[in-house]
2 protein chains.
Amino acid sequence: MHEHEHPIAAPATALAPSAISVIRCSGQDSIELVGQLFRPADPFLHAPGHTIHHGTLTGTSGEAVDEVMVALFRAPMSYTGEDSVEIYGHGSPAGVRRILEALYEVGFHPAAPGEFTRRAFINGKIDLTRAEAINDLVNSQTLEAHRLALDRLGGGVQTAVEAVRADLIALMAQIAIQLDYPEEDTGEITLDDNLLADCAERLRTLAASYRRGRLVQEGVSVVLAGRTNAGKSALFNMLLRQDRSIVSDLPGTTRDYLEAIVDIAGMPVRLFDTAGMRSAGLRSVGEPIEEEGIRRSHVVIAASDLVLYVLDATDGMSDEDRHRIAEIHAPVVLVWNKTDLTTAEPPDGAVPVSALTGSGVAELNERIFLVAAGDGGAAAVGDGGCIGGASPSGVVIDSARQHHLLTRALESIEHTRASLGRSMPADVLAVDLQDAINAIGEITGEVATDEILDTMFGSFCVGK
Amino acid sequence: MHEHEHPIAAPATALAPSAISVIRCSGQDSIELVGQLFRPADPFLHAPGHTIHHGTLTGTSGEAVDEVMVALFRAPMSYTGEDSVEIYGHGSPAGVRRILEALYEVGFHPAAPGEFTRRAFINGKIDLTRAEAINDLVNSQTLEAHRLALDRLGGGVQTAVEAVRADLIALMAQIAIQLDYPEEDTGEITLDDNLLADCAERLRTLAASYRRGRLVQEGVSVVLAGRTNAGKSALFNMLLRQDRSIVSDLPGTTRDYLEAIVDIAGMPVRLFDTAGMRSAGLRSVGEPIEEEGIRRSHVVIAASDLVLYVLDATDGMSDEDRHRIAEIHAPVVLVWNKTDLTTAEPPDGAVPVSALTGSGVAELNERIFLVAAGDGGAAAVGDGGCIGGASPSGVVIDSARQHHLLTRALESIEHTRASLGRSMPADVLAVDLQDAINAIGEITGEVATDEILDTMFGSFCVGK
């Protein structure tokens, strides 16, 4: 426990100009090594943990590199469980680079992606579900995604699966007793099938939350298509305007009414307006080249998860519309726009909206979520405009790894129950039950190999 | 001194997914207000300054918003000189937004750009030259720019100008005595003209460093132009390859061999390859549209600070080249490329290089800097490949504000000296000398109005 590994350092904030940048250091001798570069070194080197010090960070030849604050943390009271230092400098990419160079010169190694969190796991500070939640939290694009990740960070998944695992271990003990005392063998295995069924049900509910979790965390891309003047841009603007909870534009996203990220029922949706696209690619130099824009639209539509095909309700659906819709491979939601101007009946399955007044937009959002989820039955819009599908405990998972292991555990439990029904011998039941216990153990990291850890933490950012 | 103003809060790190995000809080009751949202509140609320605490940041209704570390600083031992708190959360834009909302609900105001630094200035923690250096430091794009900004943050400019100001005040005292005791008036003002000349010289040297400072801090845009097959792309790649000290790509910059930031003699240069531009605008959809690419090249060339016109030494300069060069309005550097293939004499003023072997590239870099500086005499490449032009103290300024005030002070000193030479009365000398003293006082902020501060801090980022 609380091993001291070789010292590592990495930037923990984005390499962009900002007020403050943070560099994280952890491992064997990390306080002493930073002390070689920090002036005044003396109160810092012998200070208690959880104190913060003002001074100058220097290079190895003593030249000032930045004016900084440094916080020190003494094992095991730190994020990693090791001795650690955090350096708060001016938010200058150049400064961060100079500080890192100095740290590497005195003996720090560049941290691998997720290495700080991996050490926290190895030192028993967090389980794997919390480690994954940290990554989700950082990458959450909507407030709903952030809320769900925070629940997992609080131990929601860990608590739920460890409770099931404890029950399964108790059941295993029942089998073990009967294996250990075969002389008492009545030919009939005594095992609480109700408890087994309840365990399966709890895992099933958690596994079922995966679809919602993934949609809320990952999001989908949605393209607006339709004839000129159907009101695509008006609808695009309406979907942007009613959005109150998107947290930030993704890097590279320009809110130029061509492409934007909007929050639809807690799900980050990358929304494209093909009307805007007609000219956007060439806008900076003047005249648009119309054919080029149309070709670009086709590329975007082909790559999308869902197409909103906008119809003008005052004009109806034409053969051209039917032809265009037939060419789209992605799921299509028909939007019957301009209901403020006409009472014409929409075609089958079309969602009546008015991009002008906003009427019908809430229903459209719900439809988008349901089609994105690929299953109108399992998910439903719940409280606060957010989509349902959480487990009764409220915990929602989004990890493909966890979902895979839950599925494996479920299969093993169902095998056990089937064997029990067919009065199979105790050792057969034990094998399946043990596999369920192991699968759940892998979820939290109770059972973990280097390979599992390499895969998991490899997807983290450096500095995490 | 150390006033407590109303509490302010702002993000201090970029709103991008990262390991850690920092939110800065300062002002009256800021510790108590954060305490309303931080669990456990108790050790935190009564802890000494410069301590750091682990816990949960909640919303006003008590729900967890993030797991955080909070550092508290007690006045006057803080960045602003006020009671302050820094919150280190997970680097999630969604989380930062939720935390800020909670902070605003309990009474924090959103901080104006540069407001933390403005308060640091008002509370006497730093002068205006250091405040400007903080902004420069954050925005420095090369290691050289970072180094020069750090010198200014260390007080290089402040020390230099305050020494001059002290000398001028001493000279003012000489005049004042003669004004106060007119009965001793000999008709001749006694004033140390050598000292006056020395003051002017020191200010002049500092003012002269402005050109270099501005180039290193701001940089220039340079376009590669020339006929097809002259070797533009090869030269572009060579300029990228030999670059060892650029600190980061600017936002939006893709190193796709179309546009890149390179460090030329400490100066950040945004380099455009018009050859790459031919197809880049439309690359994502397949075939390039050649005419469009050529039109885009012309737009980029027209907006550039300098054009490198690349000639193929094996082919010489053609009438087409002369025609194209004549059309360029920006300063042009002729590059005589492919010297590895021929010993042909370059045209007048052309720099012979081989983009293949790298021969001549150092000379080309120097020429780029000198032409960018607009003066081959004043600036010269000095130690370590960096361009000279620093004052003897090594301090280099980059602030237009400081340069303007230095120029005003210089003019006033020269007026004073001229009046002295013409034996003008003491009160005439006093007016000019006082203006020089005032101008220097404005540089450090010894003399500052709200208007000056509004202009200066308005260019800062929020959270600084």
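Disulfides, to start: over all chains the structure holds 0 of them, a disulfide being a pair of cysteine sulfur atoms within 2.5 Å. C25(B), for one, is in no disulfide, and the nearest cysteine sulfur belongs to C461(B), 16 Å away. Seen from C461(B), the closest cysteine sulfur is in C25(B), and 16 Å is too far for a bond.

This is a predicted model, where local features need pLDDT of at least 70, side-chain atom pairs count only at pLDDT 80 or more, and totals for chains, interfaces and linings use all residues. Residues are numbered from 1 along each chain as its sequence is written, chains are lettered from A and ligands numbered from 1 in the order in which they are written, and side-chain values use heavy atoms, without hydrogens and water.

Back to those cysteines. C25(B) is buried at 1% relative accessible area, while C461(B) is partly exposed at 27%. Buried means under 20%, exposed over 50%, and partly exposed in between, with a 1.4 Å probe and protein chains only.

Now chain A. T416(A) sits in helix α15, residues 400-421; helices are DSSP runs of H or I, at least four residues, numbered from the N terminus. T416(A) is buried, with a relative accessible area of 0%. A polar atom of its side chain is 2.7 Å from the backbone oxygen of S412(A). Leaving out residues up to four places away in sequence, T416(A) touches L191(A), L196(A), L429(A), D432(A) and L433(A), where contact means heavy atoms within 4.5 Å.

Last, helix α5(A). Of its 12 residues, 10 are buried, among them E132(A), N135(A) and D136(A).

Notes:
Helix = DSSP H or I, 4+ residues; strand = E, 2+ residues; numbered from the N terminus. Polar contact = N/O pair within 3.5 Å; in protein donor to acceptor, adjacent residues only side chain to side chain.
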